[in-house]
Amino acid sequence: MVDHLLHTIPLNPTDWKYKNEGACNIILSFCGSPSLDSSFLFGQVLRIKKKRAAHSQHSPGELLEYQFVESTIKPLVGSKYVHSGIPIKVDQNFLQQIDTLTFPHRPPNRRVDEVDIDMPYAFLIPDLSIIHDSQIPSICVELKPKWGFMTSSPFVHPENQIKYTKCRFCMHQHLKFLQGSVKHISEYCPLDLYSNIPDRVKLAIRSMLEHPQNNLKVYLSGELSYTGALGGRQKSATDFDLEHLSQKIHSIFSQSKHTPPLDHTLTNLVEIIQQILEKEPVLKNLQKAQTLDDLDVEGIRYLYDKAQKIGFDQLVVGEKDLRFRYEGVHSFFDAKDNGDSNKQEKVQEIDFSRFQPLDNLTPSEIYKKILDFLTAATLKDCSIMITILPIANPSGSSSDTKNESSEDDCLIQVSSQIFKYRIAVVDLDPRSVSLIPHYHKIDQEIVTTFQNSTKGKEIKTCVL
């Protein structure tokens, strides 16, 4: 129970403007007039839940998402990278007005998901796309790295052995291309980004820049300035291209009026991001935590079906630690599936012999495996925000009079220039157990589509 964490702050809907959104939340930045009452809101964003992602039972006495991040995610990823935010009370009137005011600014493909006006709280968190104590613009690169491993689970179906040599992201690209959600198959491979080998990391970042999809966004002075169509780019946007991005970045990195070749500026940006990722263990932490999924979704689906028969409440009887996780974190276990859609999958699965070792698990062990899988699912889809600010020019003189680093800021020197940077992990919403059948279904579609589209072709193996 975390009632005492709820704050009551007077909020005016017109003081907030649309900034960005993901699958679960809409992000608003503060744009109100300066005053004694509102000064603390500058440099903050408000994260509001969307209806499609909201839990069916809203309890202001149990801020489950907050507790999930605090008790489960922070120890895995590192507390320095995670900002839980301040939970604040909101009412239906405020949320209804926000829904109306933000609607025209949202990407058309996102508008189907309304603000959840029944959610009794929102989160106030630092605006991680800017560095606040600066008089010059900052650059923020948001990366969605995706899966940093290939499964080694023995429970993969013999027809799906490709999962041992081809990563999930690279296979998923073929399904997205077939469905028309992407125009090009990206050259980005997450295993390059996670490799900690400088040249491979740079290749990964550069590949995301060339085909950002929803895996890369760039903010300049807190405003979204570059991304792909899946990342929220409006079709009418004419300056969301690498040339415009290069010009804008050069204006921040250098006082020179001479604009260097596009590739030079982007190469510098890639170099900075690579060196920051090399210095910080955030990717290493994410990769390790993602491997909590050690059974693959095929093994988890088998356990899920067993758990359905036992009853999720019964899985944690007498297990104090798991009961806490159940009540305090995963009351998201609202397993209400469409039984008809699942019957077809069960018919297709004829040989269950490979799952025999899983029959030896106790109910609490089954539950823990499912919890670990859902935690890994969150970390496979999170984002890393890296905000950088040049604080010294090549001659060594300061270009920012307020260059003292705060607790969350670090310094790095790339070539002859010094940068202040801040790094954080976001998009850490817990996943519901009711998504497991969907995860299994999409997994099978991805593998089947990839195998069909590459039949008779040489397949490049992804390298860990």
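Me: In this predicted model, which strand order does the open sheet of 5 strands have, and with what pairing?
Reply: The order of the open sheet is S1-S2-S3-S5-S4, and its pairing is antiparallel. The edges are formed by strand S1 (16-21) and strand S4 (86-89), each of which pairs on one side only. From one strand to the next, the twist averages 35°.

Me: Which helix packs on the sheet, and what does its direction make with that of S3?
Reply: Helix H2 (residues 92-102) packs there, touching S1, S2 and S3, and its direction makes about 100° with that of S3. Within the sheet, strand S2 (residues 25-30) and strand S3 (residues 44-49) pair in the antiparallel sense over 5 bridges, and leucine 28 stands opposite leucine 46 in S3.

Me: How should I read a hairpin, and what phi does serine 415 take in the hairpin of S10 and S11?
Reply: One may look at the pairing and then at the turn. Strand S10 (residues 410-414) and strand S11 (residues 417-426) pair in the antiparallel sense over 5 bridges, with glutamine 413 standing opposite isoleucine 418 in S11. This hairpin has 2 residues between the strands, and serine 415 takes a positive phi near 60°.

Me: How many bridges join strand S7 to strand S8, and which residue takes a positive phi in their hairpin?
Reply: Strand S7 (residues 216-220) is joined to strand S8 (residues 223-226) by 3 bridges, and the two run antiparallel. Leucine 220 stands opposite glutamate 223 in S8, while serine 221, in a hairpin that has 2 residues between the strands, takes a positive phi near 55°.

Me: How are two packed helices described, and at what angle do H3 and H13 pack?
Reply: The description rests on the angle between the axes of the two helices and on the distance between those axes. Here, helix H3 (residues 168-179) and helix H13 (residues 436-453) pack at an angle of about 80°, with their axes 8 Å apart. Angles of 65 to 115 degrees count as roughly perpendicular, and H3 and H13 are therefore roughly perpendicular to each other.

Me: Which residues in H3 meet residues in H13?
Reply: On the H3 side they are Arg168, Met171, His172, His174, Leu175 and Leu178, which meet Ile442, Asp443, Glu445, Ile446, Val447, Thr449, Phe450 and Ser453 in H13.

Me: How far does helix H7 reach from its first C-alpha to its last, and which of its residues are buried?
Reply: Helix H7 (residues 262-279) has 18 residues and reaches 26 Å between those atoms, close to the 26 Å expected at 1.5 Å a residue. The buried residues in H7 are Thr265, Leu266, Leu269, Val270, Ile272, Ile273, Gln274, Ile276 and Leu277.

Me: Why does arginine 200 count as buried?
Reply: A residue is buried if its relative accessible area is under 20%, and arginine 200, at 16% relative accessibility, therefore counts as buried. Arginine 200 has its place in helix H5 (residues 198-210), and, leaving aside its neighbours within four places in sequence, arginine 200 is in contact with Leu191, Asp192, Ser195, Val463 and Leu464.

Me: What share of the 464 residues in the protein is buried, and how many helices and strands are there?
Reply: Buried residues make up 53% of the 464 residues, and the protein contains 13 helices and 11 strands. Its accessible surface comes to about 21800 Å², of which 52% belongs to carbon and sulfur atoms. Among contacts between residues at least 6 apart in sequence, 74% join residues at least 24 apart.

Definitions and conventions
Residues numbered from 1 in each chain as written. Predicted model: local features only at pLDDT ≥ 70, side-chain atom pairs only at ≥ 80, totals over all residues. Heavy atoms only, no water. Helix = DSSP H or I, 4+ residues; strand = E, 2+ residues; numbered from the N terminus. Buried < 20%, exposed > 50% of the residue type's maximum accessible area, 1.4 Å probe, protein only. Contact = heavy atoms within 4.5 Å. Areas by Shrake-Rupley, 256 points an atom, 1.4 Å probe, with all protein chains shown as cover. Pairing = 2+ DSSP bridges. Axes fitted to C-alpha atoms, helices over the stretch in contact; angles between N-to-C directions. Expected span 1.5 Å × (residues − 1). Parallel < 35°, antiparallel > 145°, perpendicular 65-115°, else oblique.
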